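Please look over the sequence and the model before reading on. The report below takes up a few local features in turn.

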Amino acid sequence: MSTVENQLADIEEEIEREVPSDITITEVRYEGPELVIYTRDPKRFARDGDLVRKLASKLRKRITVRPDPASLSRPEEARETVLNVIPDEAGVTDLDFHTDTGEVVIEAEKPGMVIGRHGSTLREITQEVGWTPEVVRTPPIESSTVKNVRNFLKQERNERRDILERIGRQIHREEMSDDQWVRITTLGCCREVGRAAFILSTPETRILIDCGDKPGADDEVPYLQVPEALGSGASSLDAVVLTHAHLDHSALIPLLFKYGYDGPIYTTEPTRDLMGLLTLDYLDVAAKEGRAPPYESEMVREAIKHTIPIEYGNVTDIAPDIKLTLHNAGHILGSSIAHFHVGDGLYNVAFSGDIHYDDTRLFNGAVNEFPRVETLVLESTYGGRNDYQTDQEDSERKLLHTLNNTLERDGKVLIPAFAVGRSQEIMLVLEEAMRNGDIPEVPVHLDGMIWEATAIHTTYPEYLRDDLRERIFHDDSNPFLAEQFNHIDAGEEERQEVADGGPCIILSTSGMMEGGPILSWIEHLGTDPDSTLVFVGYQAQGTLGRRIQNGWDEIPVGNGNGRGRGNTLTLKMDVETVDGFSGHADRQGLENFVRTMNPRPEKVLCVHGDESSTQDLSSALYHEYNMRTFAPKNLETFRFI
Ligand SMILES: [Zn+2]
């Protein structure tokens, strides 16, 4: 018998000692990080609300109770009872019974009403029918991504269960080594922005944190081939942790499955969905540009199938000697700081991912309180000595001023924006300004992936800023449902209509004008001197956006968007730049994050910034806060214990 089997037998004995004698336990098994208890008496478990909590603290494990399939009532009968227990106002849109696991997945417009106070309604459901309820939100705006991911996981449920059981056994295997050390190896994004990837290793375990591409340099990928990473085989990795869905952190995660990786990806639920959306688009763009994509869409599905979503603040066993906790990073939807607790109090490392320290309209600011942290791996995008950004309030005032000027002369405003994050932030600014009468009420057209990304945001209000979350919970105040927002979904014909119509605002991808429908908009509006092109996001060196900012006015048009193939267009529209809408902390924000961090780390590795930014930030933190700081290069290894 393997040691995991012995372990589970011991646990089963212990559970049987703890629970009242009229409860029969039929099986105990690991599924991913969770311990799942199968019982013939799920109703009895549900009646004693404290029982599971007591078991969890006694066994120091996350516990799920499921009915033994033999004890289940028939789905047709259970359906009616479940619907009777749940209040009508919850707006149930789907019930899905899984006979193999005894779970009933309930999709509802108001999940809170299905859960009830401290889970009382959930317990009532189990008490009545024996099935274990699992609740998901019906997206207030229909999202094809969310729908596809949920349908795919439903379809793959059996295989996923096997994957989870295998991962569960890996996590709870017996520790083999008596040695003690903790190391980090940098595989990318050091003294550069892009291709984020790190290895955290102990004698027992090897974890990959992020695996991104480098925008504008497709041949520069993380150093995955070194022995520390995949050099000794993809199966030598225990787990992958993804901080957020931006492609410079996520693009090459599906590639790992092509290399034979078969383990878990830990991230938040919205990051899983956004990763699906963005990596599939990444393959699309590569195909359109005639580049060979590094992997097929099948690998994206593998990545989604292997994702174990975890919520902010939940401490999760991911290896025999490592616990992972994700915390809000304030950067984009679902973005996290990944905190690792190694050994039994041996060492603690936090990887910041990308952070925004102050609150924005969309998100609460990044969390910087941890039980313990000895080393912080910190992004430095705006770590340079002069990287101070305009206050968001000033930026908003400037944006509204520009909008008013253009709309007053019957012009149109064209804003290139990234689908995820900046677009939704600007939508919130526009919605409020129109509600308050600060700008005229004109249609706001959303083109490219912006609508889809917005729909994903409204599916996960728990991840948004407190007051925004409350507004989304009540449909009539959901700012993203405001009637001025229009989804451009009929392509070129609709664009032509908008271009021929009255004053309006258009938000369109891509954010740096490298492809996407924004190029078509430029063809429609570029020669109109009454209209204005407004940049609200960073324009990287070498992009069309940057060239226009620098005064270029001969724009190549017709690159795959229909009209005027191979021509140039003389840009006559106004060009404005409004900064301050960044998803990143600026130099002040980064310093504030470290200064108020509790506890203060002993060491800081400044990464994810160009050479001068990382070195500036590293030297400032050393001088001001007297900590050991580094601006590592790629392929350096640090030993901490
Ligand atoms: Zn990012």
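How many of the five residues of strand β16 (residues 347–351) are buried? In this predicted model, five of the five are buried, so β16 is largely enclosed by the rest of the structure. In a regular strand, side chains alternate between the two faces of the sheet. Here Y347, V349 and F351 point one way from β16, whereas N348 and A350 point the other way.

Strand β15 (residues 336–342) pairs with β16 in the antiparallel sense over five bridges, and Y347 is the bridge partner of V342. The two strands form a hairpin with four residues between them, and in the turn G343 has a positive phi of about 65 degrees. β16 is also joined by three bridges to strand β17 (residues 375–379), in a parallel arrangement, where V377 is the bridge partner of F351.

## The zinc ion

The protein donors of the zinc ion are H244 (NE2), H246 (ND1), H331 (NE2) and D354 (OD), which lie 2.2 to 2.3 Å from it, and their spacing along the chain is H-x1-H-x84-H-x22-D. Because the four donor atoms subtend angles of 87 to 165 degrees around the zinc ion, the arrangement is irregular. H244 is buried, with a relative accessible area of 0%, whereas H246, at 22% relative accessibility, counts as partly exposed.

## Helix α18

In helix α18 (residues 491–500), the residues E494, R495, V498 and A499 are buried. They cover an arc of only 140 degrees around the axis, which puts them on the same side of α18. What covers these buried residues includes β19 (444–447), β20 (485–487), β21 (505–508) and α19 (518–525), while the face turned away from the buried side carries the exposed residues E493, E497 and D500.

How values were computed. Residues are numbered from 1 along each chain as its sequence is written. This is a predicted model: local features need pLDDT of at least 70, side-chain atom pairs count only at pLDDT 80 or more; totals for chains, interfaces and linings use all residues. Side-chain values use heavy atoms; hydrogens and water are left out. Buried means under 20% relative accessible area, exposed over 50%, partly exposed in between (1.4 Å probe, protein chains only). The arc is that of the directions from the helix axis to the C-beta atoms. Contact means heavy atoms within 4.5 Å. Donors are N, O and S atoms within 2.8 Å of the metal (3.2 Å for Na, K and Ca); water is not among the atoms, so sites may look incomplete. Four donors count as tetrahedral if all angles lie between 85 and 135 degrees; four count as square planar and six as octahedral if opposite donors are over 155 degrees apart and all others between 65 and 115; anything else is irregular. Two strands pair if DSSP finds at least two bridges between them.
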